[in-house]
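Colleague: I have a model open and would like to go through it with you. Could we take it piece by piece?

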Amino acid sequence: MAVGKSGAKPVIGILGGVCSGKSTVAAEFAKLGCAVIDADKIAHELLGKKDVAEKVVATFGAGILNSAGKIDNKKLANIVFADADKLSSLNRIIHPLVLERAEELIRQYNSQNKVKAIVLDMPLLVEVGWEKRCDKLIFVECNWQLRVERAKKMGFFDENQLKIRENFQISLDNKANLTDNTIDNNSGFSVLAKRVVDTFSYIVGSG
């Protein structure tokens, strides 16, 4: 079994555009015995915590709350993705806590024999400097039109909103240049699953 930089299990970071299929790729790695750390899931859990929620509401106002008095993620996203300063304000509250939790999970997974590798499904992985935390980086390649269609199908956002979100991230060309492997996700699911298996075999074999 390959060993990571820290002398523990290899850490694999997944990069790619919005709606490129990063989480689908991460789920396929999970089927192969990898533990997946989902940064979005951690962030949503944090927003449900009273102390974090209070800071966010104090920063952005009660307009981000739903009828039950909880933070409405869609309302919050619409505000922060319309203003770089507001996005930075949210990131200052959330990101340190997300990274702290991710480190905790990495430590936990390193002590579990059944875990073969640790996969980071973290949209802003490069932006927060965590590419240095990874032993291998994988880029999920997916063309623009397919990503737009996926975003619409999932009811997330339209083409314009997709562009706005990507403008807040490092360019895809720069991300692709940082990676060790590329997984093409322009075909069907079965083809993607096979590519993940092949990539994981290469990573484990290459050490």
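Colleague: To begin, in which helix is His95 found?

Modeller: His95 is found in helix H5, which covers residues 84-110. Helices here are DSSP runs of H or I with at least four residues, strands are runs of E with at least two, and both are numbered from the N terminus. Please note that this is a predicted model, in which local features need pLDDT of at least 70, side-chain atom pairs count only at pLDDT 80 or more, and totals for chains, interfaces and linings use all residues. Residues are numbered from 1 along each chain as its sequence is written, and side-chain values use heavy atoms, with hydrogens and water left out.

Colleague: Is His95 buried or exposed?

Modeller: His95 is buried, because its relative accessible area is 19%. Buried means under 20% relative accessible area, exposed means over 50%, and partly exposed lies in between, with a 1.4 Å probe and protein chains only.

Colleague: And what is His95 in contact with, leaving aside neighbours within four places in sequence?

Modeller: With those neighbours left aside, His95 is in contact with Leu124 and Val128. Contact means heavy atoms within 4.5 Å.

Colleague: Changing topic, how many salt bridges does the count come to?

Modeller: The count comes to nine salt bridges. The rule asks for a side-chain nitrogen of Lys or Arg within 4 Å of a carboxyl oxygen of Asp or Glu. In general, side chains of opposite charge can pair when their charged atoms come close.

Colleague: Which residue forms a salt bridge with Arg133?

Modeller: Glu103 does, and the closest N and O atoms are 3.0 Å apart. Arg133 lies in the loop between strand S3 (117-121) and strand S4 (136-141), while Glu103 is in helix H5, so this pair ties together parts that are 30 residues apart in sequence. Arg133 is partly exposed, at 24% relative accessible area, and Glu103 is partly exposed as well, at 23%.

Colleague: What about Glu166 and Arg147, how do their side chains meet?

Modeller: They meet in a salt bridge, with 2.4 Å from N to O. Glu166 lies in helix H7 (residues 159-167) and Arg147 in helix H6 (residues 144-153), so the pair ties together parts that are 19 residues apart in sequence. Glu166 is buried, and Arg147 is too.

Colleague: Where do Asp198 and Lys194 lie?

Modeller: Both lie in helix H9 (residues 189-206), four residues apart, which is about one turn of the helix.

Colleague: Now the pockets. What space lies in the largest pocket?

Modeller: About 1,400 Å³ lies there. Rolling a probe the size of a water molecule over the atoms shows where empty space is left. On a 1 Å grid over the protein atoms alone, a pocket is an open set of points where a 1.4 Å probe fits, with protein on both sides within 12 Å along at least five of seven lines; lining residues have an atom within 4 Å of a point. The volume is the space filled by probe spheres set on the points, which are joined across faces, edges and corners.

Colleague: Which residues lie nearest the centre of the largest pocket?

Modeller: Of its 47 lining residues, Asp40, His44, Pro123, Phe157 and Arg165 lie nearest the centre. Helix H5 gives the most to this lining, with seven residues.

Colleague: How much space is in the second largest pocket?

Modeller: The second largest pocket holds about 220 Å³. Its lining residues include Ile42, Lys49, Ile93 and Glu104. Here too H5 gives the most to the lining, with five residues.

Colleague: Last topic: which residues touch the most other members of the largest nonpolar core?

Modeller: They are Ile37, Val56, Leu76, Ile94, Leu120, Leu125 and Trp130, out of 37 residues in that core. A nonpolar core is a set of buried Ala, Val, Leu, Ile, Met, Phe, Trp, Tyr and Cys residues joined through side-chain atoms within 4.5 Å. The largest share of this core, ten residues, comes from H5.

Colleague: And where does Cys19 lie?

Modeller: Cys19 lies in the loop between S1 and H1. Cys19 has a positive phi of about 65° although it is not a glycine, and with a relative accessible area of 13% it is buried.
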